[in-house]
2 protein chains.
Amino acid sequence: MIRVVLLGGGNLAFHLAKAMQKSARIDLVQIYNRSEIYYPFLENSTHYTERLSDLMPADIYVICVSDNAVEELANSLNINNVIVVHTSGNLAMNVLSKHKRTGVLYPVQSFSKGTAVDFKRIPICIEASNEQDEILLLTLAQELSEHCTVLSSEKRQQLHLAAVFVNNFVNHLYHIADTLCQQNQISFDLLRPLINTTVAKIMDLTPYDAQTGPARRNDSNTIEAHLELLDIEQQHLYQSLTQSIQKTYGNQL
Amino acid sequence: MIRVVLLGGGNLAFHLAKAMQKSARIDLVQIYNRSEIYYPFLENSTHYTERLSDLMPADIYVICVSDNAVEELANSLNINNVIVVHTSGNLAMNVLSKHKRTGVLYPVQSFSKGTAVDFKRIPICIEASNEQDEILLLTLAQELSEHCTVLSSEKRQQLHLAAVFVNNFVNHLYHIADTLCQQNQISFDLLRPLINTTVAKIMDLTPYDAQTGPARRNDSNTIEAHLELLDIEQQHLYQSLTQSIQKTYGNQL
């Protein structure tokens with residue numbers, strides 16, 4: 001059994017606790033959170049605490065709090081010879097450097113409490129400060145997911161940045177399209193099949209090869225017509241994206 | 001029976017011909033294309049021609065060529081009292097104004113020849129120059145798809161612009177993420193579950209409410225760290241998108 005203490009009460013902590021509960025090889029000993037929480041899906045064997053001084057013995061302490069609170073929380077932990085890991089995509093492992101044995105367990109996913117998650121399908125990137133702990137973390141991660149990879153802090157930061165493009169930035173483009181639809185009393189539902197096709201296409205093609213549209217084919221008439229329909233903010237974004245596409249393919253001429 | 005002549009041999013013409021073939025109420029009389037084409041899935045009753053002078057009688061002529069060729073092709077048609085429609089999202093109906101009876105049949109989808117398409121699920125937006133032809137076009141569209149809407153040229157252009165954001169621009173963001181992964185020897189597959197979740201989320205939430213990430217929460221440390229990992233072109237795009245997100249939510253404070 002791998003004994004785990006979870007520190008945090010946000011969306012990731014919630015889904016991690018749920019996934020750990022399902023594994024026969026993980027003993028979720030305790031959950032620490034600043035304020036009171038209760039997860040009804042957990043068995044009685046899991047303890048809760050709001051005090052760092054009451055932390056119980058375990059093999060791994062998993063910190064699931066927001067990026068800007070990780071280092072302070074890690075520095076507040078008075079533990080010896082236990083591996084301390086964080087779950088952030090963006091933070092280097094060395095923010096935990098107060099401790100001797102450190103690691104990272106980063107699930108590449110965006111979590112919200114209301115949405116069910118199949119943790120088995122979520123890629124998990126791990127990193128550890130020594131080889132033996134890497135094996136321990138990999139064992140833990142493989143209990144949670146079928147897609148586990150060892151990744152350095154540098155690569156993990158690059159991956160997290162790429163994730164911002166495909167998640168946060170893509171969602172913002174959906175928002176702009178939604179705004180255009182609303183302003184013109186058009187149902188956003190008209191765009192849903194196209195949204196799905198755009199994602200489905202890159203299962204077969206690279207995004208480079210899948211690119212279509214006025215910017216790709218240098219169709220300046222359509223680009224001009226589009227710009228006239230947008231407000232100044234939207235124009236700025238449209239032009240940045242169009243220029244970026246044109247540079248991507250212009251270089252290939 | 002609605003008798004149709006298709007003009008064009010591109011991806012849309014291919015998929016339209018296939019969908020029309022499946023309807024018992026559509027008679028695909030003839031396909032015109034500048035160069036020779038042959039669709040093995042069509043029955044022998046469909047004729048082919050490469051000469052506009054050989055066009056056969058029909059109820060509807062459907063132009064499926066690239067935007068910049070539509071007007072010229074329409075002007076070359078010597079027909080009387082037949083409705084002429086184009087299939088472009090971006091062109092106004094009046095590019096067909098040489099003819100008395102005109103219309104538009106715009107499927108909101110991006111087509112490629114290799115990918116199978118369930119036309120029944122593709123939204124089709126129609127427009128016609130008179131009420132009776134609107135009914136005729138709606139009847140035709142409803143034979144092809146379960147999601148048909150009457151939409152003016154102005155609204156259709158706005159919808160097409162919104163489609164550029166959710167399709168062409170989103171795909172370009174996938175390309176940038178793919179580039180970051182390749183440059184750092186990271187598998188793009190690590191991002192696929194996140195890409196799917198991003199799309200799945202906006203089935204339940206508006207994109208406005210679904211927004212997360214460093215720009216949304218004004219996390220300047222992460223934004224600075226990200227910018228240092230990007231080249232100048234990527235930085236420019238990252239900043240445009242970040243500023244657009246910040247303005248979207250800053251206005252709400």
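Predicted model: local features only at pLDDT ≥ 70, side-chain atom pairs only at ≥ 80, totals over all residues.
Residues are numbered from 1 along each chain as its sequence is written, while chains are lettered from A and ligands numbered from 1 in the order in which they are written. Local features need pLDDT of at least 70, side-chain atom pairs count only at pLDDT 80 or more, and totals for chains, interfaces and linings use all residues; side-chain values use heavy atoms, with hydrogens and water left out.

The contact (heavy atoms within 4.5 Å) takes 76 residues from chain A and 76 residues from chain B. The buried area, that is, the accessible area (1.4 Å probe) that two parts lose on being put together, summed over both, is about 7800 Å² between chain A and chain B, and carbon and sulfur atoms give 67% of it. In chain A, the residues that lose the most area to chain B are A:Phe165, A:Val166 and A:Leu190, together 9% of what that side buries.

Polar interactions also cross this interface. The rule finds 31 residue pairs in polar contact between chain A and chain B, both residues being at pLDDT 80 or more; a polar contact is a pair of N or O atoms within 3.5 Å, where within protein one must be able to donate a hydrogen and the other to accept it, and residues adjacent in sequence count only if both atoms are side-chain atoms. Two salt bridges are counted between the chains, each defined by a side-chain nitrogen of Lys or Arg within 4 Å of a carboxyl oxygen of Asp or Glu. A:Lys247 forms a salt bridge with B:Glu233, with the closest N and O atoms 3.2 Å apart.

On the side of chain A that touches chain B, the elements giving two or more residues are helix 4 (153-183), helix 5 (192-204), helix 6 (207-210), helix 7 (220-228) and helix 8 (232-250). Helices (H or I, at least four residues) and strands (E, at least two) are DSSP runs, numbered from the N terminus. Helix 4 of chain A gives the most to this side, with 25 residues.

Helix 5 of chain A has several buried residues (under 20% relative accessible area; exposed is over 50%, partly exposed in between; 1.4 Å probe, protein chains only), including A:Leu194, A:Ile195 and A:Val199. The buried residues of this helix pack against helix 4 and helix 6 of chain A, together with helix 4 (153-183) and helix 5 (192-201) of chain B.

Elsewhere in chain A, A:Ser23 lies in the loop between helix 1 (11-22) and strand 2 (26-32). A:Ser23 is buried, with a relative accessible area of 9%, and a polar atom of the A:Ser23 side chain lies 3.3 Å from the backbone nitrogen of A:Ile26.

Most residues other than glycine have a negative phi. B:Asn81, in the loop between helix 2 (67-76) and strand 5 (83-86) of chain B, has a positive phi near 55° and is exposed, with a relative accessible area of 60%.
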